[in-house]
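This report walks through one protein model for a reader who has not seen it before. Please keep the sequence and the structure in view while reading.

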Amino acid sequence: MFPHCTCPARNPTRTPRLLPVLGATLLLVAGTAHAGDTWRASGDVRFGYVASETRARSGGESDADSFRARVRFRLRGDLGGGWHASGRIAARLDSEQDDDTFWMRTYAPDPTGLANGQATVDEAYLEYRPAEAPWSLRIGRFQAAWGLDDVMKKSLDQNDSTNFDVTWTDGAWLQWRPSEDWTTHLIVRHNDRRGPTGTLRRPLAFGDGDSRIGVFAAVESKTAIGPLVQRMVTLNWLPSALHPYGVTDPRTRDYLAVTAKATAAWPLGARGTTLRLGGELGYAPDTPRREAMNTGTGRAEALSWQASLNLMDILPDHDVGLVYGRVADGWLLSSDFRPNDELAEVRWVWQATPEWQLDARLRRRREIDLPAAAARPRRDDDLYLRATYRF
């Protein structure tokens with residue numbers, strides 16, 4: 001299973017430009033961080049082996065494997081008067097990449113963010129946090145992610161930079177804590193006419209002038225009430241961004257989606273093991289036509305969900321999780337789930353030290369709805385073994 005990939009070889013005539021840029025940036029970050037006590041450098045390096053095997057609708061099979069890495073360096077500082085700043089450079093590298101390039105655009109080059117061999121600035125923001133105030137405002141480019149509080153941390157909506165991916169959000173983020181138990185989030189997001197910066201899937205498109213600004217709103221609490229350790233409700237609104245008959249058709253509609261997330265935990269025995277159950281439900285009232293999704297005819301489905309079962313500290317610092325999800329062909333927001341997919345995954349995580357984390361994953365994804373001409377659903381099996389070092 002998962003034999004060696006027959007991907008094209010790298011072009012030896014191209015000059016790799018990415019690694020020197022990363023090296024120079026790291027030196028700059030380190031030097032600046034030592035220049036003052038109010039500035040701090042941090043980051044992470046993630047590397048591992050990934051492999052996949054695909055059976056197409058026609059029955060043909062293909063496979064791929066490679067060694068992959070993601071490298072990120074951050075500089076964060078206090079400017080005084082309640083103002084703070086952060087900047088970060090991130091790169092996605094792969095043993096089968098064709099070139100090294102630095103990507104500086106207001107949109108991502110791929111629906112999943114950076115392509116292999118690319119780097120970008122994935123954080124560059126100013127934040128105002130008044131002393132003793134229950135609110136803060138962040139403006140610029142930042143990371144915004146809300147997954148289930150379990151081993152996998154998957155989400156049906158906003159979840160920047162999962163796994164080896166590099167995505168980001170451009171806009172303004174207001175956080176407000178009306179009480180000690182609840183936090184409210186409001187993100188006003190810019191989407192470039194050439195595409196978004198995160199995973200917003202077609203037939204969402206942003207060529208219409210009214211579609212450039214989207215809104216994400218959420219309320220969340222991680223204050224334990226009985227077994228409940230996470231509660232969250234989110235709303236996504238993308239005005240004039242949905243092309244229900246395909247992106248080449250000029251007709252547009254607003255795309256609205258809501259989710260509810262919850263996680264509960266129970267202790268098991270005296271060794272510290274905890275059973276944690278998580279679930280998320282999402283609904284989009286207005287969806288594209290199935291013809292635009294290549295999933296059949298009629299209106300695409302709207303209801304999506306995921307559920308997880310987790311054993312935390314099954315051994316000291318070892319967690320194991322199972323997740324199963326069914327995502328409708330009309331659900332277009334997730335970086336963790338593709339539209340029209342049934343997903344089953346098992347993952348093991350070992351927090352070996354405060355700096356080192358080791359993960360292993362095995363996943364199967366299978367199409368749900370098909371056009372009449374399709375012989376069978378597409379099926380994808382994949383795995384990874386990865387290590388993450390944080391500093």
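pLDDT is the predictor's confidence in each residue, on a scale from 0 to 100. The model shown is a predicted one. Its chain has an average pLDDT of 92, and 91% of the residues score at least 70. Over residues 3–16 pLDDT stays under 50, and the model has 22 contacts beyond four places in sequence for this stretch. Where pLDDT is low, the predicted coordinates should not be read in detail.

## Salt bridges

Side chains of opposite charge can pair when their charged atoms come close. The count of salt bridges in this model is 31.

| Glutamate 367 | Arginine 57 | 2.8 Å |

Arginine 57 and glutamate 367 form a salt bridge through their side chains. This pair links distant parts of the chain, with arginine 57 in the loop between strand 1 (39–55) and strand 2 (61–80) and glutamate 367 in strand 16 (residues 356–367), 310 residues apart. Both arginine 57 and glutamate 367 are buried.

Glutamate 127 belongs to strand 5 (residues 118–128) and arginine 138 to strand 6 (residues 135–142), so the pair ties together parts that are 11 residues apart in sequence. Glutamate 127 is buried, as is arginine 138.

## Nonpolar cores

The largest nonpolar core has 22 residues, of which Leu204, Leu238, Tyr255, Trp331 and Leu333 touch the most other members. Strand 10, strand 11 (253–268), strand 14 (318–327) and strand 15 (341–350) are the elements that give two or more residues to this core. Strand 10 supplies the largest share, three residues. Leaving aside residues up to four places away in sequence, leucine 204 touches Leu238, Ala241, Leu242, Tyr255, Leu332 and Leu333. There is also a second, separate core of nine residues, which includes Phe142, Trp146, Trp173 and Ala218.

## The loop between strand 8 and strand 9

Leucine 200 is located in the loop between strand 8 and strand 9. With a relative accessibility of 12%, leucine 200 counts as buried. Which residues does leucine 200 touch, not counting residues up to four places away in sequence? They are Arg189, Asn191, Phe206, Leu238, Leu332 and Leu333. Leucine 200 is 43 residues from aspartate 157 in sequence, and their C-alpha atoms are 9.1 Å apart in space.

Proline 203 is placed in the loop between strand 8 (183–190) and strand 9 (213–221). A cis peptide bond joins proline 203 to arginine 202, with omega about 15 degrees.

## Nonpolar surface patch

Leu235, Trp237, Val258, Leu281, Tyr283, Leu303 and Trp305 make a nonpolar surface patch of about 610 Å². Strand 10 (228–242), strand 12 and strand 13 (303–315) are the elements that give two or more residues to the patch. Tyrosine 283 is in strand 12, and its relative accessibility of 39% makes it partly exposed.

## Positive phi angles

Lysine 153, a residue other than glycine, has a positive phi near 60 degrees. Lysine 153 is in the loop between strand 6 and strand 7 and is partly exposed, at 46% relative accessible area.

Aspartate 317 is not a glycine either, yet has a positive phi of about 70 degrees. Its place is the loop between strand 13 and strand 14. Aspartate 317 counts as partly exposed, at 42% relative accessibility.

How values were computed: Residues are numbered from 1 along each chain as its sequence is written. This is a predicted model: local features need pLDDT of at least 70, side-chain atom pairs count only at pLDDT 80 or more; totals for chains, interfaces and linings use all residues. Side-chain values use heavy atoms; hydrogens and water are left out. A salt bridge is a side-chain nitrogen of Lys or Arg within 4 Å of a carboxyl oxygen of Asp or Glu. Helices (H or I, at least four residues) and strands (E, at least two) are DSSP runs, numbered from the N terminus. Buried means under 20% relative accessible area, exposed over 50%, partly exposed in between (1.4 Å probe, protein chains only). Patches are made of residues with over 30% relative accessible area and no salt bridge: like charges are joined within 9 Å, nonpolar side chains (Val, Leu, Ile, Met, Phe, Trp, Tyr) within 5 Å. Accessible areas come from the Shrake-Rupley method with a 1.4 Å probe; for residues, only the protein chains shown count as cover. A nonpolar core is a set of buried Ala, Val, Leu, Ile, Met, Phe, Trp, Tyr and Cys residues joined through side-chain atoms within 4.5 Å. Contact means heavy atoms within 4.5 Å.
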